Every structure is written in structure tokens, then in C-alpha cells.
Amino acid sequence: MLETIAKMLQYSFVQRAVIAGLMIAVCAALLGVCLVLKRYSMIGDGLSHVSFAALTIATALNWAPMAVSIPTVLVCAFILLRISQNGSVKADAAVAVFSTGALAIGVFALSVVDGMNTDVNNYMFGSILSMTDSDVRLSVILTAVVLVVFLLFYHKIFAVTFDETFAKATGVNTGAYNSLVAVLTALMIVVGMRMMGSMLISGLILFPALSAMNVCKKFSSVTVCAAAISVVCFIVGMGASMLYDTPTGSGIVIANMIVFGTCSLIGYFRRRA
Amino acid sequence: MTDKTLLKCDKLSLSYEGKIVLENLSFELNEGDYLCIVGENGSGKSSLIKALLGLKRTASGKIITGRKLRHNEIGYLPQQTSMQRDFPASVKEVVMSGFLNRKKFFMNYTSAEKRRAQEILEILSITDLADRCYRDLSGGQQQRVLLARALCATSKMLLLDEPVAGLDPMASEEMYRLIRKVNREEGITIVMVTHDIHCAIDHASHIMHLNAGQLIFYGTAEDYRNSDIGRAFLEEGTDEECMDCRLGRECTKGCSAHKKGTCHHALKGEPHA
């Protein structure tokens, strides 16, 4: 078993996949903690569909995929966060509107070109082995930024996540922190979609945070635990895909589901005890 | 404005979604005061608090802070959101986040801050909760933890928005006792919004009464007790009775007490509209 994996790891495209995947797993888990606690759980889903639409349109028009999808997703992330702050439209409805709207545009754009092909399948469900050097570079830079932001601003991130009104009232620039989270989330989704696909990326954001919240009692341990769970699940999902040729994205999400189930049970029995 | 003046409002007007909710309010707050703001829902109480905290722009008029008070020296106890109730964080993490307004972006709290947090926990007698998880606490305990956080943010002035909302009578009484203790022993100026006029008048030094965006009383608790407005409001009126009826003015809302003939108009034998 280990031999097979060791052999696989000699291929450069596998190495790229593993490096980029680990990075994205850490990013998604850390940002996921903020998003889940701020009740933006579905934002990942909405943005990934927007990214899907942007990619199909880029393909249809023969433009560079990243150059189209990064700015589009960034803009949508800002709009969604703004909407949920204003409170005129309910945040969950706004995300649902973006999500289905973008999916419809994406499917429409597809039919105009040449129907379903491999590219589309990759956009929907990810293909980790097709990650390029630039994807890897982007994911490494992104992770470095996310880690630095979390280390430097850890306490402020906590304060803004826990109680935005209080933080703002006592003079913390909450707008800047929300924008920062929006930008990082948008970038993470664009990069993560290559691996997980637009249908599965939100699993990578939600599950580690939810699992960690079930067993941890401190915010600091929730963040560390979420990152650790995410990395372990990535390795399991990736390993399974190398050994048994299963799809990587869904393998990772299933591994996460098992961990989440276990953590929920632990949490349930602890609360009852 | 004297040396003891902490805060002064000059002809302050506030609007909410284009409608004026508070008009032409002028008052001065001195160091060590304990001010209770009372009034019905929609009287502009919460808007006033938000404006004092700088969370809301003023429509006209000015809020002037005295020589001794800088903006980031105001502590705030907001109304709790449902999101916070099940937040995975330790009490220590929550309390310490009150210090953030004075930090630029650094990772750790100083030992002086840690000592101060310890003192505050002792004042509020919640030292035993320090390592507990915030979501496992009772409503009253959570509220005391948030009070501790607000005290970390200030040594001068504290704004409290309905601090006993949703607490049982025992926990409410304890909360009021602690707020008074903070006011008397720590010399912290208190501004509190509350529905509970009877408790307010027992504890506060000053009362501000707002009705439909107008200031109808501002003065000491003693004067309020002896004023017509105060008497009308403190008397056991029926719950459905509107403020106009209580004050013996023309009943513009046609409140249910007025229709049933159980309002002050009826009791005084005045004709019904």
C-alpha cells in the first residue's frame, strides 16, 4: 500500500496535487471557522457556483479562466457580505439567489458552446491531478497569507467573529476585517474549485469547522483542531484516490463526514454527561 | 461644559431609514452618573446608544466627549444575539477581547492586562468561570461575562443596552447589583437602556425619559419620582395603556386600555375620544 503511494508521489503532477491540496485544506478550514460562526456557511456554495459560471463563460469566449473568475468571485463576495450587513435582504436568501442564478448562467453558457465536456466535469467535481504550477503557486501564497493574517490578527478575528457590534463600538475597524475575510474566501474558492469542484468545495469549508466546534471549548483550539482535521481528511481522501482510483474531492468530503459524525457523537455524550 | 462633564449632546437628532427617530435632544452627563434611559419601544433609546457609541451617524446636532473621555474608552454591553449563545470560546477569551480596542495588531495580551482581567472577574465574582466554555453557561452567567468584557474596554464609561433582557428575576437583581457596584466602587459612569422603570429608579442617579423621539424628562431619579411624568409612568398602569393616556394627553393611538375604559383618562372621569 505504502509502496504504491510512494511510487505515485514520484510523479510531479501528484506532488503538485498534494502540496496544493494540503494548502487549500488548511485555508478552507481556518476561513471556515470564521464563516460558520458568523452564519455565512453557505457563502462558499454560492461563490463556487459564481466561479463555475465565470469559468464556463471564459471557456465559451476563449478567455483565460482565472483572469475572469477571480475578479468575478471577488466582486460577488463583497456584494454578499454587504447585503448581509445591510439586513434589507436576508443573507441566506441572497446567497441562494446568487447560487442558483450563477448556476443557470453557467449551464446556459455551456449549451451555447458545445454542451458537456471534460472541462465542465472538472469544474463541477474537480480534478486535482490537472492542477498546474500556477495553481500550486497561488495556493501556497494564499495559505501563507491566511496563516500570517490568522497569527497577526488572531485576537481581532476572534473579537469580530464573536461580536461585531461590540468590536465596532469599541473602535475596531470591523469593515476591514470583513473585507479581508471576503477576499481570502473568494481566492480560496477559486483555487479550491480546481481540486474539489464547485459542487463539493463548501464541504471543505464547513465540515472541519463544524467537527471542531463539537469537541473544542476554546476558540483557539477550534481553529487549530479544524485545520488538523482538514489536513487528515485530505490525506485520507487523497490516499484513497491513489490506491483505489476514487474521485479525490468526494473522498475528502466523505472522510470529513465520518469525522463530523464521530465528533458530533462525542459532543453529544459529553453534554449529557 | 465643566471639568466633570464626560459627554454632552447638543440639539442631537437621529434618523432611521429616512425617518427621524429622535429630535433635538440636549443633555450633559457628568463623571460618576448612573443614567437610565426609559421609554417605549421605538422611542429612540437604542438609536441614542448607537449614536453615543459612534455606530450611527447623527442627522444633525453634536455629541461632544469631554476632556477626560476618548472614543475608545467607552465600554459597551450589547444585547446578546442567538449566534453568541452557542459560540465555542472560553470565558477568558471572551473577557480579554475587551482589551482589543487599545491594541494595534499584536498577538498577545500583556501581563498588566491579564492582571486587570483577573481583578474584573473578582469584582463580578466569576473567577470560577474563567476556564469554562461560554456556551455552557447560563444566561445570567453569560451576561456577567459580557459585563466583564465591557469593563476591560473601559475604566470610565459603560453603555448597557437592556442588560437584563431575558434573565430570570434572581439573575436580573444580581445584574443590577453588580452594575451599581461597578458604578459606586469603580467610579464608572453608567448609561443604561431599560424597560424596567421600577428597578431603574431604585438604582439610577438620573433618569432620561424618551417618548416618540422627544425628550420628556431629564433629571435626577428623585425629581423624576416627584414629577407628573414620573408619577404617571411609575403608577401601576395597565399594560396596554399608551404613554399619552398615562400622561393624560389626547390618546392618538387609540390604545386598547383607552377603548376598554381602563386608562387614566377613564379613571379620572375624563371624556373618551
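How many residues of chain B are in contact with chain A? In this predicted model, 36 residues of chain B contact 27 of chain A, contact meaning heavy atoms within 4.5 Å. Local features need pLDDT of at least 70, side-chain atom pairs count only at pLDDT 80 or more, and totals for chains, interfaces and linings use all residues. Side-chain values use heavy atoms, without hydrogens and water, and residues are numbered from 1 along each chain.

**Interface**
- Chains B and A bury about 2,800 Å² between them, 65% of it on carbon and sulfur atoms; this is accessible area (1.4 Å probe) lost on being put together, summed over both parts.
- The two chains share 3 salt bridges (a side-chain nitrogen of Lys or Arg within 4 Å of a carboxyl oxygen of Asp or Glu).
- Asp86(B) forms a salt bridge with Arg39(A), with the closest N and O atoms 3.6 Å apart.
- On the side of chain B that touches chain A, β5, α2 (82–85), α3 (91–96) and α5 of chain B each give two or more residues.
- α5(B) gives the most, with 4 residues.

**Sheet of chain B**
- An open sheet of 6 strands runs β5-β6-β7-β3-β8-β9 with mixed pairing; helices (H or I, at least four residues) and strands (E, at least two) are DSSP runs, and paired strands have at least two DSSP bridges.
- β5 (74–77) and β9 (214–220) of chain B are the edge strands.
- β5(B) pairs in the parallel sense with β6(B) (157–161) over 4 bridges.
- Leu77(B) has Leu160(B) as its bridge partner in β6(B).

Key
Chains lettered and ligands numbered in written order. Buried area = accessible area lost by both parts, 1.4 Å probe.
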